Amino acid sequence: MESKRQQKFAGLLQEELAAVFQKEGAAYLPNTLVTITKVRVSPDLAVAKVYLSFLNTSNTTLSVNTVNSHAGEIRYKLGSRIRHQARVVPTLTFFVDDTNEYTEHMDKIFDKIAKERKENDSAEDDA
């Protein structure tokens, strides 16, 4: 469980990273909308795991690899934004947030179950 301090710092990082991607995200991924869905910070606040969601991209793995290749540059820009609020700028590692894909997959499964139940109910009514 994250401490209150970790949660506050993660919220700050999420806000500032969103601003960085909004202003300069087109330089890394043209025609792609990047959303920072979640930030997890280590207890010493030195390492941050950033979970991203992408719109208008066909290959999310390639997009994450592209962002990870620019992690040093993004960290520098983040540092210039939070220099008065944080002692250490954390090392950033970016991951794909597949929550939306998982949700869609679960919805399809539930729809399939509901459809099968309707078919079974109508078959029992006919009998």
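**Reading charges and surfaces**

Analyst: Asp107 is partly exposed, with a relative accessible area of 41% (buried means under 20%, exposed over 50%, partly exposed in between; 1.4 Å probe, protein chains only). This is a predicted model, in which local features need pLDDT of at least 70, side-chain atom pairs count only at pLDDT 80 or more, and totals for chains, interfaces and linings use all residues. Residues are numbered from 1 along each chain as its sequence is written, and side-chain values use heavy atoms, without hydrogens and water.

User: How many salt bridges are there?

Analyst: Side chains of opposite charge can pair when their charged atoms come close. The criterion is a side-chain nitrogen of Lys or Arg within 4 Å of a carboxyl oxygen of Asp or Glu. The count here is four salt bridges. In one of them, Arg81 pairs with Glu16, with the closest N and O atoms 2.7 Å apart. This pair links distant parts of the chain, 65 residues apart: Arg81 in helix H3 (residues 71-82) and Glu16 in helix H1 (residues 4-28). Glu16 is buried at 13% relative accessible area, whereas Arg81 is partly exposed at 32%.

User: Which residues are linked in a network of salt bridges?

Analyst: The network consists of Glu24, Glu73 and Lys77. Lys77 meets Glu24 at 2.4 Å, N to O, and Glu73 at 3.2 Å. Lys77 and Glu73 both lie in helix H3, four residues apart, about one turn of the helix.

User: Which buried residues does helix H2 have?

Analyst: An α-helix has 3.6 residues a turn, so residues three or four places apart point the same way. In helix H2 (residues 60-69), the buried residues are Ser63, Val64 and Val67. They lie on the same side of H2, because they cover an arc of only 95° around the axis. Leu62 and Ser69 are exposed on the other side of H2.

Terms used: Helices (H or I, at least four residues) and strands (E, at least two) are DSSP runs, numbered from the N terminus. The arc is that of the directions from the helix axis to the C-beta atoms.
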